[in-house]
Amino acid sequence: MLPSPISDLVVSPPPLSLLTLLPSVFLLMLIVYTLIHHHMQPEKKLRRLPPGSLGWPYIGETLKLYTENPNSFFSNREKRYGKIFKTHILGCPCVMISSPEIAKMVLVTESHMFKPTYPPSKEKMIGPEAIFFHQGPYHSHLKKLIQSSFLPSTIKRSVPQIEDIVLRFLPTWEHKNTINTLQEMKMYAFEVAMISVFGNKLEATEMEGIKGLYQCLEKGYNSMPLDLPGTPFNKAMKARKGLNEKLRRIIEKRKESGENGEGLLGEFLLSNEKEGMKMKMNESQIADNIIGVIFAAHDTTASVLTWLLKYLHHHPHLLDAVRKEQEEIRCKRVEANRGITWEDTRCMPLTTRVIQETLRAASILSFTYREAVEDVEMEGYLIPKGWKVLPLFRTIHYSSDFFPHPNKFDPSRFQVSPRPNTYMPFGNGAHSCPGSDLAKLEMLVLLHHLTTTLRWEVIGEDDGIQYVPFPVPLHGLPIKVRPLN
Ligand code: HEM
């Protein structure tokens with residue numbers, strides 16, 4: 001048997017005084033303590049932070065994120081560290097996730113351990129009782145009401161109203177020399193959002209009043225949260241109060257008339273009247289959620305519509321194929337002397353795939369935020385309580401493992417359904433988007449009339465992205481529109 005240091009010590013101990021023994025006894029105790037601690041809490045050893053850099057104290061990697069293109073910021077780190085990595089942005093330590101499986105844990109299976117998180121200034125502006133900021137029974141109650149207002153069976157009734165809006169907008173485009181696609185799409189999506197929350201009976205003056213206040217709110221939302229007289233933030237907070245007042249009057253009118261009325265507002269008022277309904281919404285909860293839904297509905301849809309026009313312009317063969325598909329439907333409509341129907345929109349397979357691919361390629365919500373409500377262990381890594389967690393939708397949408405040749409605009413890839421949890425333009429889990437069907441319907445109705453009556457040409461430089469805050473083509477994609485024939 002080979003001699004070991006321990007056996008040597010036992011066989012022939014050197015003559016030591018008590019004083020010289022003390023350090024060795026201390027060292028031995030330390031080793032024993034460490035060994036016991038290690039064996040009794042094996043999980044602690046696994047609890048290491050994900051790889052990555054926290055950058056400089058306080059500023060972390062914020063400057064790098066803002067000076068690099070955000071997409072390469074994420075993808076470079078993914079290449080270096082893997083599908084879960086840490087960073088530090090805007091004063092917050094964060095864990096970024098580009099694995100569909102881990103993103104699913106955060107958003108779906110372990111979602112109770114991660115709460116939604118937004119800057120306090122944004123919460124104040126939208127209204128702290130809006131659905132986005134909540135979890136648990138209040139969130140579920142709201143989600144059920146909002147979802148039922150935006151189910152296909154409900155929104156199919158608004159097809160004629162959406163078509164009316166399109167038919168009002170398109171002729172005005174023809175008469176302008178140049179139009180700013182994003183601005184026009186915003187107006188369109190705003191009007192659709194308004195009929196979905198208030199129904200079709202809002203007076204024109206009420207509509208205009210709300211629109212003005214909304215524009216002011218939006219400017220403040222995208223500005224520095226500096227609450228001083230005259231700042232956009234300050235003006236936005238005033239506009240927000242004005243919106244509350246407008247809503248209060250609309251609700252009052254509906255109550256006086258004895259009718260809950262249409263749209264999401266009607267759904268909220270009706271649910272308050274239901275017998276046995278434990279959760280009643282007060283006026284500020286109703287206001288925060290009406291304003292929140294309009295907010296969530298219009299800029300998102302407008303940005304995707306702007307990308308749609310850009311991608312179709314860049315791919316003339318696709319535009320021809322979409323036009324052909326739409327022309328067949330138009331012929332049937334004209335023959336029957338009718339407007340577009342919900343059923344027509346279900347017979348647009350190619351146009352639908354173009355929309356799906358636009359949602360992937362544009363990935364206007366590049367990621368979402370959550371915050372760990374306790375220490376969470378994931379894939380052997382520790383996500384400490386209070387850290388932000390960001391599932392990176394865009395990085396997943398641009399992974400060649402799930403979407404071969406991700407930089408190619410190729411709607412045919414959607415002839416086969418994407419792998420589960422790899423395609424998340426509308427999020428995933430409890431907070432996923434309740435308005436996805438409405439957004440797609442708006443796009444289909446607009447594309448039907450646009451492609452069968454008009455053609456468009458992009459003006460000036462058409463490569464480049466701007467963040468408003470969603471990524472959109474540079475300068476909002478100025479275009480020139482002409483009649484098709
Ligand atoms: C193309 C357009 C749209 C896109 C890309 C989009 C995308 C998203 C995404 C990714 C989320 C999840 C955010 C998260 O998990 O943190 C979300 C949530 C939400 N969206 Fe949309 N959305 C669109 C249009 C709409 C429309 C038309 C409505 C109108 C009803 C709407 C209402 C909402 C609401 C209320 C939530 C919050 C849900 C919750 O917290 O439970 N969105 N949207």
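The residues of the shell around the ligand fall into 16 nonpolar, eight polar and two charged. Keep in mind as you explore that this is a predicted model.

Let us look at that shell in more detail. The ligand is surrounded by 26 residues, and the closest are His139, Lys143, Thr368, His431 and Cys433.

Now turn to the oxygen atoms of the ligand. A polar side-chain atom of His431 lies 2.7 Å from a ligand oxygen. For Lys143, a polar side-chain atom is 2.9 Å from an oxygen atom of the ligand, and an N or O atom in the side chain of Arg370 is also 2.9 Å from a ligand oxygen. Which elements give two or more residues to the shell around the ligand? They are helix H8 (136-149), helix H15 (283-314) and H20. Of the shell, H15 provides the largest share, with six residues.

Next come the empty spaces. Rolling a probe the size of a water molecule over the atoms shows where empty space is left. The second largest pocket has a volume of about 350 Å³. Its lining is made of 18 residues, and those nearest its centre are Thr154, Arg157, Ile195, Glu262 and Gly263. Helix H9 (152-155), helix H11 (181-198) and helix H14 (263-273) each supply at least two residues of this lining. Which helix gives the most to it? That is H14, with five residues. By class, the lining of this pocket has seven nonpolar, eight polar and three charged residues.

Our last stop is a cavity. The structure holds one cavity of 30 Å³ or more, and about 40 Å³ of space lies in the largest cavity. To find the largest cavity, look for its lining residues: Phe198, Ile210, Tyr214, Leu243, Lys246, Leu247, Ile290, Ile291 and Ile294. Helix H12 (204-221), helix H13 (232-257) and H15 are the elements that give two or more residues to this lining. So how do the lining residues of the largest cavity divide by class? Eight are nonpolar, none is polar and one is charged.

Notes:
Residues are numbered from 1 along each chain as its sequence is written. This is a predicted model: local features need pLDDT of at least 70, side-chain atom pairs count only at pLDDT 80 or more; totals for chains, interfaces and linings use all residues. Side-chain values use heavy atoms; hydrogens and water are left out. On a 1 Å grid over the protein atoms alone, a cavity is a set of points where a 1.4 Å probe fits but cannot get out, and a pocket is an open set with protein on both sides within 12 Å along at least five of seven lines; lining residues have an atom within 4 Å of a point. Grid points are joined across faces, edges and corners, and a volume is the space filled by probe spheres set on the points. Helices (H or I, at least four residues) and strands (E, at least two) are DSSP runs, numbered from the N terminus. Ala, Val, Leu, Ile, Met, Phe, Trp, Tyr, Cys and Pro count as nonpolar, Asp, Glu, Lys and Arg as charged, and the others, Gly among them, as polar. A residue is near a molecule or strand if one of its heavy atoms lies within 4 Å of it. A polar contact is a pair of N or O atoms within 3.5 Å; within protein, one must be able to donate a hydrogen and the other to accept it, and residues adjacent in sequence count only if both atoms are side-chain atoms.
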